[in-house]
Amino acid sequence: MNELQLKYGCNPNQKPSRIFMTEGRDLPIQVLNGRPGYINFLDAFNAWQLVSELSQATGLPAAASFKHVSPAGAAVGLPLSPTLKHIYFVDDIPALEQSPIACAYARARGADRMSSYGDFVALSHECDATTALILKREVSDGVIAPSFSPEALDILRQKRKGTYNVIQIDPAYRPDPVERKQVFGITFEQGRNEVRLDDPALFANIPTANKTFTPQARRDLLIALITLKYTQSNSVCYALDGQAIGIGAGQQSRIHCTRLAGQKADIWWLRQHPKVMSLPFKADIRRADRDNTIDVYISDAEHDDVLRDGAWQQFFTEQPQPLTPQEKSDWLSRLSGVSLGSDAFFPFGDNIERAHKSGVQYIAQAGGSVRDDHVILTCDKYHIAMAFTGVRLFHH
């Protein structure tokens, strides 16, 4: 089969719609369940490239949670601490420790649960029953993987009244080295971005006084850079402990990318505050409402929306105490060892100032700004190690 008709394109009025292969080649996918749409396939194919490359580069299973053609989260399959299990709401999943691919998805989904709502999932390795159990209870549009165990497929076919999108992709498929797309009836053509981000030469140019990158930092920077390769530009990614913890995508200004991603990293960390972890939620609260309530509770300006009389009773069994600005500041000061990747150069040191507030100690960026000297000086002020990779990773 070299063509698949779709219900419509990006929007219901955009018809006809299809995906197809030229020159009579077969599509490298099989739809095992559901009816994926145009945006589903855009997410699926971008996400699959990300997890395939990430797994190849790290030697670990990888997963990504995609929304609107950018990742909300990406991670490799490292074990989860009890704290991460709790804040990702997977501490009741049986045999989680025995499934690296399930751990990878729990991390990818948990990085930014608000943005991951209704995600499309990519898995670098076979989807097993443990991963399917996580997917089954989350609001998600579909999953793409190289294979599915019979137990996993049975679980997923029960999701969304039998309409959940399940796509199997041929892991041996390789696209042509030249890619094309049309905009306004005009065809664009370019060589595929085949740059290898696991090349040690990317860390050869370290202009900062601190030149030490731990093995964990190099792994996390690799995760950040590969994530950015498939994120709509401009983009910045904070990573820690084998996963993205904050992604800023599609911003016109670099500093806004850094702020947005840093804010998400801060929320990820604040969710681990004892006050947040012990919020007295009602037993029957929906998962999406719980995630939104946590996000509002953590916020500076809107926390009263879930704490005031007449509001808290909807979510909690008793009225929680607010998380004070001082408590937030004290907790955020403990965040450290964070790695930061950028898909192009940082034009000013203000990006480094913002990154430092979210515990960044390692940076990989293209370099080449006329103000590289200011960026380097700002890194040196905070003893941050920074590599100039010389590689730009714009993605559109």
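Let's start with Lys264 and Asp112, whose side chains meet in a salt bridge at 3.2 Å, N to O. A salt bridge here is a side-chain nitrogen of Lys or Arg within 4 Å of a carboxyl oxygen of Asp or Glu. Lys264 sits in helix 8 (residues 254-270) and Asp112 in the loop between helix 3 (100-110) and helix 4 (113-116), so this pair ties together parts that are 152 residues apart in sequence. Helices (H or I, at least four residues) and strands (E, at least two) are DSSP runs, numbered from the N terminus.

This is a predicted model, in which local features need pLDDT of at least 70 and side-chain atom pairs count only at pLDDT 80 or more, while totals for chains, interfaces and linings use all residues. Residues are numbered from 1 along each chain as its sequence is written, and side-chain values use heavy atoms, with hydrogens and water left out.

How covered are the two partners? Buried means under 20% relative accessible area, exposed over 50%, and partly exposed in between (1.4 Å probe, protein chains only). Lys264 counts as partly exposed because its relative accessibility is 21%, whereas Asp112, at 12%, counts as buried.

Now look at another pair: Asp343 and Arg254 meet through their side chains in a salt bridge of 2.6 Å, N to O. Asp343 lies in the loop between strand 13 (338-342) and helix 13 (350-357), and Arg254 in helix 8, so the pair ties together parts 89 residues apart in sequence. Asp343 counts as buried at 0% relative accessibility, and Arg254 counts as buried at 7%. Elsewhere, salt bridges with shared partners join Arg109, Arg113, Asp119, Glu138, Arg287, Arg290 and Asp291 into one network. The structure holds 27 salt bridges.
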